[in-house]
Amino acid sequence: MRTRFFAIGMLLLLAVLGACNSGSVLLTQATGFAYEIVVVMDQRQWEGAAGQALKAELTSDVPGLPQSEPSLQVTYVQPDVFSGMLRYVRNVLIVKIDPAIYTKASLSYEHNVWANNQVVMTLNAPDTTSIIEHVKEHPTVVVDFFVKAELDRAQSQLKEEYSSVVMDTLRGMMDVELNAPAKLTYYKCGKDFFWASNNANTGRMDLIVYTFPYTDPNTFTSEYLVAKRDSVLKENLPGSFPGSYMQTESRAGVSYTPITLNDKYCGVMRGLWRVEGDMMGGPFVSHTRLDEKNNRVVVAEGFVYAPETDKRNYIRRMEAALYTLRLPGEFGQATDGKSDVPEDKK
């Protein structure tokens, strides 16, 4: 697996970026695929309880998918072989255990240590027990950090290459902006409703954006938003067969998490969708925000149809696009989604 992981990375190393005027060391572009990580740790500790606890976190299931898929693909290397091209990987977790130096488990991180567009997290601890306890007390902090790093990378790419069809239509129709993947060029409009898709045979990605007046303080709850979602989709996204339409898969349930986006409230909902009267279905993720200027609720959602294949990268690509949603008064601003990640930089 490690050979496959770094084969393409060897080609990327040919692109060397220029140094800055201060004469700093040349940095290559980081290698590796999205959502893959190299863990550097003593082999005995990696195979022990501490390593197993970390691996379990890093490979925990992606939330909201119809089947089990790991959050990250993990490649392990020993410290004495972590050199050369291995140092250029985009996501690196270094674990150091030394009772003579450390008194408690702590996390820190740096960007662009050995390569551009790289993030390196270091976990220091005096013993394996403190690592296990740290994982129990902060069960998702490490995996959330690297997932957020990948979402940030995807957002940066979407700022450079995005669907002008989606951008221009949403500007003119709803006075909002959103950087959708460039291949989302098929679209249709309804009353306060917009849909776009890449219309792919495999790995189909769809985006919907709809608005409605803000009249109820209970709007930002999963119960209200699922009911609103189902009514909007039934009206605007009919299926291929007579009487078929898209709905939320209620048997699977949904998750609803409030986050802060651009210093304002945003509700993140995840779940599964299905087509009533058909066999289609898959995962979705949505962002719900309040447009105070126009006293309306704006919902942006990405959903994926990719039967018999992994869906993680597709749905996370759409999730990254949702973070680029800008409401009136936010045009030209950089989006800033906050996550529960370590803030103590080196």
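A crossing of two helices is left-handed if the near helix is turned anticlockwise from the far one by less than a right angle. Keep that in mind for the second stop. The model on your screen is predicted.

**Stop 1: the sheet**

Select the five strands of the open sheet. Their order is β3-β2-β4-β7-β5, and the pairing is mixed. Strands of a sheet pair through backbone hydrogen bonds, either parallel or antiparallel. Now pick out the edges: β3 (73-77) and β5 (106-111) each pair on one side only. From one strand to the next, the twist averages 20 degrees.

Zoom in on β4 (residues 91-97) and β7 (residues 119-125). In which sense do β4 and β7 pair, parallel or antiparallel? They run in the parallel sense, over seven bridges.

**Stop 2: two packed helices**

Select α3 (residues 49-58) and α4 (residues 128-137). Their axes are 8 Å apart, and the helices pack at an angle of about 25 degrees. Angles under 35 degrees count as roughly parallel, so α3 and α4 are roughly parallel to each other. Here is the crossing from the opening: α3 passes α4 in a left-handed one.

Which residues of α3 and α4 make the contact? From α3, select Ala49, Ala50, Ala53, Leu54 and Glu57. From α4, select Thr128, Ile131, Ile132 and Val135. Colour them by class: seven are nonpolar, one is polar and one is charged.

How values were computed: Residues are numbered from 1 along each chain as its sequence is written. This is a predicted model: local features need pLDDT of at least 70, side-chain atom pairs count only at pLDDT 80 or more; totals for chains, interfaces and linings use all residues. Side-chain values use heavy atoms; hydrogens and water are left out. Two strands pair if DSSP finds at least two bridges between them. Helices (H or I, at least four residues) and strands (E, at least two) are DSSP runs, numbered from the N terminus. Axes are lines fitted to C-alpha atoms, for helices over the stretch in contact, and angles run from 0 to 180 degrees between N-to-C directions. Angles under 35 degrees count as roughly parallel, over 145 as roughly antiparallel, 65 to 115 as roughly perpendicular and the rest as oblique. Contact means heavy atoms within 4.5 Å. Ala, Val, Leu, Ile, Met, Phe, Trp, Tyr, Cys and Pro count as nonpolar, Asp, Glu, Lys and Arg as charged, and the others, Gly among them, as polar.
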